[in-house]
Structures are given as structure tokens and as C-alpha cells.
Amino acid sequence: MVTLHEGGVYLINGTTLVDCDGQEADAVLKETGAAVSQKEAAKNTIAYGILASHNTSGNMDKLKIKFDKLTSHDITFVGIIQTARASGLEKFPVPYVLTNCHNSLCAVGGTINEDDHMFGLSCAKKYGGVYVPPHQAVIHQYAREMLAGGGKMILGSDSHTRYGALGTMAMGEGGPELVKQLLNKTYDINMPQVVGVYLTGKPERGVGPQDVALAIIGKVFANGYVNNKVMEFVGPGVSSLSADFRIGIDVMTTETTCLSSIWRTDSAIREFYETHGRAEEFKELNPGQVAYYDGMIEVDLSKVKPMVAMPFHPSNTYTIEELNANLMDILEDCEKKAQVSLDGAVEFTLKDKVRGGRLYVDQGIIAGCAGGGFENICAAADILKGASIGSDEFTLSVYPASMPIYMELVKNGAAASLMAAGAVLKTAFCGPCFGAGDTPGNNGFSIRHSTRNFPNREGSKLQSGQIASVALMDARSIAATAANKGYLTPATEMDVAYSNPKYYFDSQIYANRVFDSKGVADPSQEVKFGPNIKDWPKMSGLPEHMVLKVVSEIHDPVTTTDELIPSGETSSYRSNPLGLAEFTLSRKDPAYVGRAKEIQKAQKALEAGECPVDALEELRPVMGAIQKTFPELTFGEGMEPGALGIGSAIFAVKPGDGSAREQAASCQKVLGGWANIANEYATKRYRSNLINWGMLPFLIPAGELPFTNGDYIFIPDIRKAVEEKKTQIAAYVAKDGVLQEFTLGIGELTEDERTIILKGCLINYYKG
């Protein structure tokens, strides 16, 4: 059902694929009757045209992008605006929408969350933004309904910022990248490669968008086929899909680790904009007559089966049919993978969920930006009409993605069908996606049409001995499972007459509740601060020489941002940098915070003009080894400020998969972190977060590890190396009183990124 091409591919007239291995190029030219070079054909992708129209550099190899609109939710916008305020913000220069869909449950953390909401509302008034109150819409559904536009670009501080199905190229990044846009700066990247996704056929009845998405993710995640590239959806199969179906696939492209996505648009997307009262925003988008793609993913939609992504990653995919046929073998494999994901912290099994040869699940959830769409919920209602989910352990919760969708479900009777079957309908909330809502019992197993199933995304607390797990599925198969009272069932086995009701969007809900400044700022408005909203602590610039202690060593194949900074239970502390930092690596390495704070004592002593060795005795032999090898360097009384920096670093094989949240990096920074050392970085956005917080994104070759956890590393002339644009930097491990040399890579840095690192962080950079 999914096939990957090994090299570049030409798409001719939107319907013919020709592999480009050199010899094929002549065939392409003959077929088109036009002399089109690979370089020129690459300009005929939809992605190239949109990027070109937003690039301000004049150089399409080195892009400097200005976005049309910005979006953030309530566990990111406080930190972003605080950073921008500290950097000189006076007015939002482009429309900036602040939604409140993550910290909606204000009982979590007392009044802390509502304080953040009031901060957001006051900032929307003061700086000229848009404020969407809690329970009105999840961030991405509001963006689809009210912000997207053909040929436009949107930057959001949530990794699932994807509106490509509507002709909008959208990207999810860490908060500092939004700060740059708020300060009229640019998003600087090399021209990304573009990979085509060529769709043919039509999905069979009972197959939904999550099934197609999981089939693609399972094929491309592990091999990095689309990593940091743009996915462009083309081919005749696109027109067989409704707008909602395309949106459901598109939002999950984030889980492939691609940079962004874009789709060709047609009458279905025109109708979407007309339905939402924004017909003028539609733009027909198609690749040119001959378009070149750096890779091609072929998807035969007619062959896609109901899918399941087993714990603990969206790429751990099987067809439900395959799972049911090989149940015990696959559950055994899940247990082995759990040992890696959970570090053996708790006992984990799903074998006790097998009843009479079938897999029983405890909970079903249809929610958020992926599952909470109108068509998904209506299809689930059709399956459950007249049925019962039963009175055993199994429960079903449904979260419409916006209040307008909820209202239409009430009007057309779908809500009644779901409620009568035993489902509970709840308001728009992202909690089930990041572990802050519908937490199952210990060893519970939840099936969810949401975006991620990383460990703890369902609310587990490994440090307290509690574990539950999530499998990702489509709303249709979740409803089929619910109709069978919790026994895993693909929707294709259900004999259902799908009603496919028409959607009627009512914007009056937003008109009554959403604050829209229309871009007009009110400087007289006071920003409202709650007691948990704290300023960023002062951060030092990059020193001349650096001593790093490795305080955590992670050898998992991939480390998610959830493992770097937990999601659900930390949400109330996102506005408090020091408070949040206490949770850093708490699931993966609970001793990390204490180790980082211990070495931070030495840096604080330096900044106070005191001797760092007196503050941290274990430094004495390290400094002795340095002096022995580098006698010309003097570290002691009278040392120039900034001559030496002492801090912490972590090693991880491939960190940064998952969320865009900047706190995965900033928490390390406020605890005295100066660097990450990795074999590679899982996403561009995590590496950007490190850089924007003044941390060095070091690289070492896979299989080489010249240090271990607890070792000290000395990097002489690190500031000079960054200034001189070196990509290979000499470093030394202090062992047994001597220094052992090795090499750290740092990768390509833009001039701005280099300066940000030298200044110590983005805030310092803008302060001058």
C-alpha cells in the first residue's frame, strides 16, 4: 500500500511518475516535449512556489522566511511573549492567535492556568492579537477554520502546526522562532528537499485518515526518508478524499519528522473555505507540467487497511488484521520495546488484556486536532447508533475539535447517538494527547485517535510505579471496538451505512467569545501577571574556554522531548522557568536535576568572582589536569569575566523527536546546561531550540563515545571556534589527572545562530 522510490522522481502533468537515474531524464524530456532541467523542474513544485513568495533573502538556497500568521497555545505563549517583551516587543507585527486548549482544566495547579489565560488576553489587547478562550477550539482546528489560506505560511509553537491540506504551508517550531517573527526577524533555513506523496485509488469503507497516516509513518519514520523535508501530496487519489480526510492525514505528517507539508487543492478545498465563510482564501495549487521531487512515496489508498500503532511510538504500526492474527507475538515484541522506552522502571505487559484470544482495551478516545474533526465523529456515531459500549471497564470519550463542530453534532443528531451508546462528549481540549486528561488505571490500555502514543502520553508516572499505554487508531475502528464492548475490531468488519452529513459552520460562537483586536494594539493595557509567571533568569554569554560535566547519558535509539521534559503533569509550570526545570529528565534520569545543579554551583561562583574549585571540590583534579596540558591558561583569582564557563551537558543518541516545546532545551539551560552531544538530532526544531537558548548542538560519530556519565570535558577556545566558523572542535576528556583529546562536530550554523550562541541566548542577542 506504500512504496518508496530510491532516488529523485519527475512528476509529469500531475499523473505520470518517472524515476530520474540519469538515463530517465531523456525520456522525461521526450514525453513533455520541453527541455526541463532537474533544477528548473524542482521550481515547479507547489512547495517551491510558496517558499519563494515568502523568502526575503533573494537567494533560494538560503531562505529567510516571513510568515503571514502565528499561533500559540497556553503552555507556550507565556514564555514566548515574555521572551519577546524582554527583547523589546512593542506590537505584534502579524496576526498572532493565542488559544487556550492545553491548560484548559484550571483545577490542575489551582488558579495557575487561568492566570496564564488572563496573561494571554491582556497581551492580545496590549499588542494587538487574537485570544481564543478555553474550550472553544483546539489550536489547529481554529487555525483551519479561521486562519488558513491558499499559498499562505503559518508558524506555530506546536509541532502539529500542519495546514497543508488547505494549501497553507505551516511549520511547528520552538518558541524562540516565533519570537524572531514578533521582532520582525526571519526564519532562516536552507532550501529543504521536497518529497512527493503520490496518492492513487480510494479508501475502502471503514478506512479513515489515521489509517492512511499510520501506514505512511510506519514506512518512513525509521529510515528518515522525509526527515526535515517538505511532503507534497499530489496525484489523482487526492481528489477521492474529502477536505476533512486530507486534514486528518496531514496533521500526522509531523510524526514522520518532516519539516512541513503541502497538498494540491481542488473543488473540495474550495468548498471548505466557502463553508467557513472565507471563499476568498481559496487558491488552486498544482505542481507544474514537469516537477522534480527529491523522493517519492506512492500510496495506493484502496489497499490501506485499518491500522494500529502499538506502544510507544506512532511508527510501531501494524494492520489490525495482522495484530489480531499474531496477537501474542506482537504483544511480546511490545514488551521488549517497553524495556527500552521505560528503562525497566516498571513491569509492563499487555498479554493480560487477551480474553478468549481477543485483545480487550480499557478505554477509547477520539480527540484533538487529529481525531476531533466533524467527519471522524459522525462516522463514529454511525457505527455506534443503536449500540452500547457496555458496562464493563471500557469507556469512550469524544472531544470535538471546536465548539462549532460540537454544535453541529448536536444539531444533526450525532451527539445523541454517541451519548445513547454510552460515550461521553467533552469540550475542545488537547489533554488526551499529552497526558493531562482521561488517565486510565495502572496497566490500562487506551486506543486513541490522537497524535502521539509516547510513554506517559496517557498520564503514567513511572516514578510512582504507574504505567499505562496508548495505541493509535482511527475513530472508525475505535467506534467499532466500542460497539464490540472493548474488543479490538477494525471498522471494515462492521456493516454500516455511513450518513456522511453535510457540515454547516456557524461562526457566531467565535464572534461572541473570541477577542480579536483586528491588529490594533492598546499600549495603555496592563499585562496581567499571576504569581507563577516568572521572568527568564539572567544568562551568560559563551565563555572563552569551557568545562562541561556530562550529567546524563541516554542510549535509546531516539529520545523524545517528552523524555527531556514531561508533558502532562508539568503543564501548570510552563510559565515558571525555574519551577519547570525541576522536572527535567524526571522520567528518564531522575538524578539529572541534582547533578546539573551541583555543577551549576561552580558557574555561579565564577560569576560572583569567587573560586569555582572552592564551590565544587571535585573540580580540583580536573583543573589540575587542564593546567598541566595548557600551562598558558590561568584560571584563578583575577581571571577576566567570561574567560571560563563551567556547566553541564547531556549525551543522547538522537534527541528531540516529538513536540516543538522549547522547554526541552530551556530547562537544561536554566540549570546551567551549555551543550547537548548527540550522534544526530531527531528534528530541526529541537536543534533550533538548543541554539536559541545558547546551547551548543555538538555531534560525535555513532559508535564513538570517548566519555561516560560523570566525566568532565574541557573545550579550549570554544568562543574563538564559533567565531571562526569551525565545524570540528578539539575537546578533551579529563581522566585520571590527564586530558585525552577527541573531536566534537557542530554542524552548519547561520550567522544569526552563531551570534545567538556567542551572546548566550536569543534574549541576550536582541538586547544587544
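1. Basis. The model is predicted: local features need pLDDT of at least 70, side-chain atom pairs count only at pLDDT 80 or more, and totals for chains, interfaces and linings use all residues. Residues are numbered from 1 along each chain as its sequence is written, and side-chain values use heavy atoms, with hydrogens and water left out.

2. Background. Most residues other than glycine have a negative phi, and most peptide bonds are trans. The next points list exceptions.

3. Cis bond. Pro311 and Phe312 are joined by a cis peptide bond, with omega about 10°. Phe312 sits in the loop between strand E16 (307-309) and strand E17 (317-319). Helices (H or I, at least four residues) and strands (E, at least two) are DSSP runs, numbered from the N terminus.

4. Asn184. Its phi is positive, about 65°, although Asn184 is not a glycine. Asn184 lies in the loop between helix H7 (175-182) and strand E10 (187-190).

5. Asp717. Phi is near 55°, again positive in a residue other than glycine. The loop between strand E32 (712-715) and helix H27 (718-723) holds Asp717. Asp717 is partly exposed, at 39% relative accessible area (buried is under 20%, exposed over 50%, partly exposed in between; 1.4 Å probe, protein chains only).

6. Helix H18. Nine of the nine residues of H18 (residues 475-483) are buried, so the helix is largely enclosed by the rest of the structure. Arg476 is among the buried residues. The buried residues pack against several elements, including helix H8 (209-220), helix H14 (374-384) and strand E23 (445-449) (contact means heavy atoms within 4.5 Å). Just after H18, Lys485 has a positive phi of about 60°.
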